Structure formats: C-alpha cells, structure tokens
Amino acid sequence: MRHITLLFLTGITLSFCSCRSDFETVSSTGNLTFSKDTVYLDTVFTNLSSSTYTLKVYNHSKNDINIPTIKFNKGLNSKYRMTVDGAQGNKGKLFKNITLLAKDSLYIFIETTVESNNTTPTEFLYTDQIEFDGGANLQKVELVTLVQDAILLYPNRNADGTTETLPIDGKKIDGFYLDKNDPIHGNELHFTNKKAYVIYGYAAVPEAETVTFDPGARVYFHATSGLIVSKKASIQINGTTSTTDKLENEVIFSSDRQQPDFAYIAGQWGTIWLQEGSTNNKIQNLTLKNATVGLLVENNDGTTTSIKNTQIYNCTHYGIQAKNALIQGENIVINNAGQSSLACTYGGNYKFTHCTFYNNCSSPEQVAVYISNYNLGSTPETKDLTGATFNNCIIYGSYSNELLLSKKTAASFTYQFNNCLIKSNITKDPNYQFDTDPAHYNAIILNKDPKFFNPNINNFNIDNTSSAFAKGNSAYIIPLDILRNTRTLPPDLGAYQNKPFPKTK
C-alpha cells in the first residue's frame with residue numbers, strides 16, 4: 001500500500017510541477033515551517049532498512065518561493081535517504097532549486113539503513129540534519145535513529161538459486177535448521193543477551209537438540225517467520241524477573257517492526273511451534289507480542305510443558321493454542337486474540353494457577369478461554385480431556401461470555417474451576433452451572449469487574465477495590481506473583497498481587 005501511495009503522490013507531483021514552471025518565484029527567506037522539528041525514526045536493526053517517515057514543509061507566505069538546496073548535513077555520505085515531492089535528487093541526498101508555491105506544502109519521505117559502527121559508542125544513535133537553504137536563511141530539521149546491533153538468521157540460498165526450505169506436514173516452507181556449529185554465528189542454539197536477533201523464515205530446532213534463551217535475550221521476527229521445536233527437541237526459555245519497565249531480564253519475542261504505530265498490531269509474524277513429540281519444554285519470564293499464534297503446543301512425548309511468569313499479547317488467532325498437550329501454567333497473562341486467548345483443544349491435560357486470561361479483541365467470536373476434546377477433520381476426531389484445572393484465575397473480557405466449553409461424548413471431558421472470577425452469560429446449559437455444580441465449580445465469582453488498571457495497554461494490575469482482591473484459596477497459592485511480589489493470605493486472583501494504582505493528574 002505504501003508503494004501505491006508513493007506512486008500516486010509522485011504522479012500528482014509530476015503533473016503539478018509541470019504546471020508551475022511558468023510561475024515566477026522569489027528566493028527562500030528562511031521562513032519555512034515544518035510538521036516536526038525532529039524526525040525520530042524508531043529502532044532499526046543494523047544493515048536493515050527502516051520504515052518510511054514523513055516530514056511536511058509549509059510555505060505560509062503569499063509568494064511562490066525557490067529553495068536553493070535541500071540536503072543532509074552529512075552530505076552524500078549520510079546514511080539517510082529522502083525523496084522530495086516524489087523526486088529522487090542526487091542519490092536521495094541533495095536537491096536543488098525546489099519550487100514551493102504560496103500557501104502550499106511539500107512532502108519529504110525519509111528512510112535509513114545504518115550499520116552499528118556508524119553510531120555513537122554509548123547510545124547507538126545515528127543522527128543527521130536536513131538543511132534547507134543556507135547562510136542566514138538556513139533552517140534545519142533534526143533526524144534521530146536508534147540502531148540496534150543484531151544477528152540476522154535466515155534461510156540460505158541453494159546453488160540453483162532457490163531458498164532453503166523446511167519440510168512441514170508434507171509441505172515446504174521457507175526456513176532453516178539452527179546450527180550449533182555455524183561458521184559465522186557459532187552456536188545458533190544459544191540465544192544470548194549480547195545482541196538482538198532478527199529471524200527471517202522459520203528457524204527450526206533439530207531433533208534431539210535444545211535451544212536456550214538467556215535472561216534478557218531479544219528475538220525479533222520478520223513477517224511469516226517463527227520458531228519450530230521439532231520432535232525430540234526442546235526449548236528452554238530462562239528469563240528472570242526485571243526490576244524496571246525496560247524488562248531487562250525478560251526474554252522478549254516480538255515483530256521486527258519497532259515503530260510505535262505497530263506496537264499493538266496482531267499478526268506481524270508467525271508462531272512458536274512446539275511440535276508433536278517435542279520434550280521437556282520450559283518457558284519462564286517470556287513476553288511475546290503481535291504474533292499470529294503466540295505458542296502452538298502440540299501433543300508431546302508425555303513430558304509437561306512448563307509455562308511460568310509469561311505474558312502474551314495481541315495475536316491474530318490464539319495466545320496459546322494447545323492440541324492434546326500437557327501444560328502446567330503459573331502466573332500467565334494473555335490479552336487480545338481474534339479467537340481465544342487460551343485454547344485447550346483436542347483433549348490433553350492442563351493446569352493453570354494464578355493466571356489472568358482476558359480478551360479485548362474487537363471480534364464478536366472471541367473468548368478468553370476455550371476448551372474442547374475434539375479436532376474436526378482429524379483421525380480420530382476426539383481425544384480424552386483428562387483434566388483442565390483452573391485455580392485462582394481470572395477469565396474475563398470485553399464480551400458477555402468469555403468461557404466456552406465444547407465437548408463431544410465420544411471422549412472424556414474433565415474440567416474444574418476453583419476460586420476463579422469468570423465472565424459468562426450462559427445459564428441454562430448444564431456445563432455452566434457455576435453455583436450448583438461442585439464437581440466442576442467451587443467458589444466462583446461471576447460477572448464481577450476485576451477493575452484492571454488498563455487492559456488497553458496490557459496492564460492487568462489490580463488494587464484492593466477489585467472483586468478479585470483476596471478471593472483466592474491458599475491451598476493453590478503460588479507464593480510469588482508474576483513480578484515476584486509476595487502474595488498475601490488469602491491471595492488475590494490472577495497473576496498480580498494487588499497494589500495501589502498510580503495517581504493520575
């Protein structure tokens with residue numbers, strides 16, 4: 001769409017320019033105004049092109065003016081590029097004799113591709129200025145870019161020119177196996193916090209190997225990319241608690257689009273796929289954002305996937321999608337998924353304690369938690385749900401029903417909710433008898449607002465006015481909350497121990 005827009009603007013500009021050659025102009029007097037004094041090009045990765053940013057230049061005078069030069073302070077050596085009303089100038093760096101009509105404006109589109117060695121040693125900032133005119137009429141607009149040094153992981157080119165692929169379910173997808181003895185990166189199965197990683201295509205963990213993520217590791221995924229943990233392979237995410245809002249010790253999986261406009265947009269990359277037969281998977285202190293499916297966990301080899309102190313936000317379909325899996329989750333927070341924040345499907349066994357499952361997605365089909373014992377089109381179609389236990393949890397969202405139980409009689413369907421706050425408008429179905437079915441429900445708080453601080457920015461803290469305050473059962477307590485704060489007795493529901501909300505002005 002951006003390219004279409006640029007072509008459209010270029011066409012208009014060329015047509016417009018051809019009409020204004022007959023106008024008489026006066027020289028620029030240094031009285032231009034700008035839509036921004038400083039253009040911040042958000043974080044880019046070394047050697048990768050940024051998104052395109054816009055600067056608008058205004059001539060508020062009654063005269064058509066001529067701007068002798070528009071250029072970068074660093075001249076032709078600048079790492080920035082620009083177009084001025086669709087024109088490329090001299091290598092996108094220098095433009096001469098630009099006409100700007102009275103009471104009119106022009107567009108400048110700015111991009112950059114920077115190496116980390118072009119930045120300042122302490123801040124990794126690359127800066128320059130766009131200079132308009134010169135001498136006494138000189139005006140400047142600052143340019144600032146944060147550059148993050150990164151390790152790029154991507155499929156190789158084959159000798160015949162094709163791209164390396166992975167065989168997945170009888171199909172081939174762009175991807176590659178991580179190599180513990182890679183000649184360039186060394187051990188690709190060990191993600192450290194020394195540099196960020198940017199992944200193109202799907203990176204797969206070979207059979208019998210383990211991929212490890214150190215505290216503070218940062219992994220950014222390009223569109224249609226992700227991570228696959230193969231049969232007999234393992235993933236170990238070893239994040240720890242952070243003490244600042246920078247999440248310095250969390251492991252973060254996110255999109256490689258780092259500008260603020262993309263901060264809450266779902267579906268920018270694929271998924272973390274724990275395939276059938278993967279083993280001994282452990283996920284701790286992970287923040288995952290803006291995927292299609294956050295975690296896709298399939299039937300494993302009988303070992304339990306442990307997920308603790310983990311946040312998953314803004315996924316197109318599911319935050320966690322489990323298929324006949326074994327999962328034990330503690331202090332998990334999931335928000336915003338087009339279908340379900342948590343989906344436990346095709347049977348399996350699940351236990352979640354002190355978790356917050358919320359869905360604020362605009363889709364009318366969404367729920368916070370979905371549980372089933374079947375998978376349409378599979379052979380066999382049903383599998384036993386031997387357990388789906390929720391203790392001291394919150395299941396809530398923006399729609400009237402946020403819990404969906406869907407079962408077929410051909411397989412067992414065992415579930416239990418203890419001391420949970422649940423939003424539901426279903427009253428006549430026998431599976432939703434919250435007050436009169438102790439075999440499945442105990443001490444349920446129904447349709448009471450938990451009063452989260454701000455779900456729109458994924459802040460699910462509560463204070464002592466919340467209906468989840470001190471409503472937990474001490475028998476299920478996880479002593480520390482998701483931020484490693486000590487829980488009091490009786491504990492609060494959900495992933496967070498209550499604290500006073502910050503005062504607003």
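This is a predicted model: local features need pLDDT of at least 70, side-chain atom pairs count only at pLDDT 80 or more; totals for chains, interfaces and linings use all residues.
1. Buried here means under 20% relative accessible area, exposed means over 50%, and partly exposed lies in between (1.4 Å probe, protein chains only).

2. Residues are numbered from 1 along each chain as its sequence is written, and side-chain values use heavy atoms, with hydrogens and water left out.

3. The structure holds four salt bridges, a salt bridge being a side-chain nitrogen of Lys or Arg within 4 Å of a carboxyl oxygen of Asp or Glu. Elements are named from DSSP runs, numbered from the N terminus: helices are H or I runs of at least four residues, and strands are E runs of at least two.

4. One of the salt bridges joins K71 and E131, whose closest N and O atoms are 2.8 Å apart. K71 belongs to strand β5 (residues 65–72) and E131 to strand β9 (residues 125–132), so the pair ties together parts that are 60 residues apart in sequence.

5. Another salt bridge is formed by the side chains of E111 and R81, at 3.3 Å from N to O. Because E111 sits in strand β8 (residues 104–112) and R81 in strand β6 (residues 80–84), this pair ties together parts that are 30 residues apart in sequence. R81 counts as partly exposed, with 28% relative accessibility.

6. E209 and K180 also form a salt bridge, with 3.3 Å between the closest N and O atoms. This pair links distant parts of the chain, 29 residues apart: E209 is in the loop between β16 (202–205) and β17 (210–213), and K180 is in the loop between β13 (171–177) and β14 (190–191). Both residues are partly exposed, E209 at 23% relative accessibility and K180 at 41%.

7. How many disulfides are there? The count is zero, where a disulfide is a pair of cysteine sulfur atoms within 2.5 Å.
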